[in-house]
Amino acid sequence: MSHENDFPEGHCGERAILIRIHDRDNVAIVVNAGGLPAGRRLEDGTVLADDVPSGHKVALADIDEGAPVIRYGEAIGRAVKAIPRGSRVDESLVRSPSPPALKDLPIATQSGPGLPPLAGYSFEGYRNVDGTAGTRNILGITTSVQCVAGVADHLVRRIREELLPRYPNVDDVVALNHGYGCGVAIDAPAAVIPIRTLQNLARNPNLGDEVMVIGLGCEKLDPERLVPPDRVRASADGRSDPPVLCLQDETFRGFGDMVRAMMGMAERRLARLDLRRRETCPASDLVVGVQCGGSDAFSGVTANPAVGYAADLIVRAGGTVMFSEVTEVRDAIHLLAPRAADETVGRALLREMAWYDRYLESGGADRSANPTPGNKKGGLANVVEKALGSVIKSGSGRIADVLGPGERVRRKGLVFAATPASDFVCGTLQLAAGMNLQVFTTGRGTPYGLPLAPVVKVSSNTPLAERWRDLIDLDAGRIATGEAGIPDVGRELFRLILDVASGRRQAAAERLGLRNDLVLFHPAPVT
Ligand code: CA
């Protein structure tokens with residue numbers, strides 16, 4: 001990606017900085033933190049007809065009614081009416097196009113030989129029996145139904161206060177609470193999504209090889225279904241430490257009995273987790289999820305390209321990068337399908353798009369429901385513009401595999417893991433897929449954090465990074481102002497990922513103890 005950011009020296013005050021990404025673009029965005037006033041002459045001779053806030057678009061040429069508005073070299077829509085050169089181009093002036101048709105898209109035509117390998121990078125992680133590596137050493141308490149969530153929260157409080165101080169090598173204890181488990185059509189076809197999400201969350205690499213499930217005893221989702229098959233074998237071999245406890249067990253006389261039993265169960269697992277030590281793991285053991293939330297017009301030119309650069313480095317080092325967020329990929333699918341490694345992967349990608357089209361349609365919505373009021377305030381006209389800036393997070397590599405929502409990673413490299421764009425739902429599904437660290441870009445700002453994996457937050461603009469100095473881990477806004485290039489920030493992010501994965505550094509949300517709830521994607525009926 002190339003971008004020009006020099007329209008230097010306006011005639012009043014601070015230098016005018018605009019970003020135009022592609023030679024074909026007939027709009028550019030204003031970088032200056034305070035925006036630019038009407039009457040300002042830009043270096044190319046364009047005179048601003050309107051005040052243009054930071055992050056918003058200016059027409060660099062006259063755009064006829066019905067003509068394409070072009071950004072990233074792609075039409076983000078058509079002009080609702082004639083837009084004179086110098087005008088501010090907001091969402092009311094851009095008519096969104098239909099999404100690219102899924103039929104007849106070229107598949108796997110640009111998959112190429114893959115990116116050149118990159119050797120010599122490693123991190124200090126916790127090796128698991130199944131071959132994965134954790135970046136943290138956490139006791140996860142899986143729950144089979146929402147009915148037990150209050151008890152699980154009580155248990156976690158007690159463990160943090162009474163047990164955790166005695167097991168200093170364990171980073172945390174987390175209850176995997178959720179809204180599923182009973183009062184649901186458990187055999188509906190779409191129920192496979194929340195069920196496999198819960199099964200795979202319990203296997204997240206940051207939870208070591210320990211499994212502890214708290215159930216009620218009468219719920220539709222059998223707690224035994226949440227125990228990974230290898231652990232079932234282990235307990236059948238005579239381990240006197242069954243992985244499931246149900247509160248309705250008739251031997252319990254009241255709450256005190258339950259809590260005592262659960263504390264014992266937790267302590268046996270904490271003792272084993274505490275014996276684990278970090279060891280050098282190749283960077284190929286990284287499973288990094290990338291996501292954006294609270295995006296603005298800078299996200300697609302600063303933070304997301306820097307993440308894409310880091311994603312390429314991780315893939316080249318043999319690691320796994322997952323990108324997700326179907327509604328933000330849908331309008332750029334014509335750019336992604338050619339990058340599928342082969343026909344099968346390409347068809348799986350289109351199948352996930354088609355599934356989501358039908359899902360939205362069944363709810364009487366379409367992808368235009370995506371941009372938020374905050375996105376628009378930040379300068380994004382519609383979901384096409386948002387998508388073009390969002391898929392840059394995937395870097396430039398070929399797409400090695402496609403996962404359905406809640407499925408577990410099975411191949412290394414760049415993976416599309418289908419999820420909604422909703423931050424907390426996407427994060428939960430990426431954790432289920434086996435993510436051991438997440439990178440999250442934001443322009444508007446969000447204090448987002450996850451309970452099972454560190455989240456490294458990258459700001460798309462410097463004013464946010466300065467205002468939220470203690471909440472943002474890396475400022476990519478320096479790319480807009482020309483202080484740093486995309487490769488500089490991309491390499492810095494790669495090093496930060498290795499440091500955070502190794503526990504040498506904590507991400508901001510982790511240091512502050514900020515954890516969003518796990519939120520399941522639950523497209524099946526509630527009864
Ligand atoms: Ca998101």
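Trainee: Which residues coordinate the calcium ion?
Mentor: This is a predicted model: local features need pLDDT of at least 70, side-chain atom pairs need 80 or more, and totals for chains, interfaces and linings use all residues. Residues are numbered from 1 along each chain as its sequence is written, and side-chain values use heavy atoms, without hydrogens or water. At 2.3 to 2.5 Å, the calcium ion is coordinated by Gln291 (OE1), Cys292 (O), Glu325 (OE), Ala421 (O) and Asp423 (OD).

Trainee: How many residues apart in sequence are the parts tied together by Gln291 and Asp423?
Mentor: Gln291 lies in strand β15 (residues 287-292). Asp423 lies in helix α10, so the pair ties together parts whose separation in sequence is 132 residues. Helices (H or I, at least four residues) and strands (E, at least two) are DSSP runs, numbered from the N terminus.

Trainee: Are Gln291 and Asp423 buried or exposed?
Mentor: Buried means under 20% relative accessible area, exposed over 50%, partly exposed in between (1.4 Å probe, protein chains only). Both Gln291 and Asp423 are buried.

Trainee: At what angle do the axes of α2 and α10 cross?
Mentor: Axes are lines fitted to C-alpha atoms, for helices over the stretch in contact (heavy atoms within 4.5 Å). Angles run from 0 to 180 degrees between N-to-C directions. The axes of α2 (residues 192-201) and α10 (residues 423-432) come within 8 Å and cross at roughly 60°.

Trainee: Which residues of α2 make the contact with α10?
Mentor: On the α10 side, look at Thr428, Leu429, Leu431 and Ala432. Across from them, α2 brings Thr197, Asn200 and Leu201.

Notes
Donors = N, O, S within 2.8 Å, 3.2 Å for Na, K, Ca; no water.
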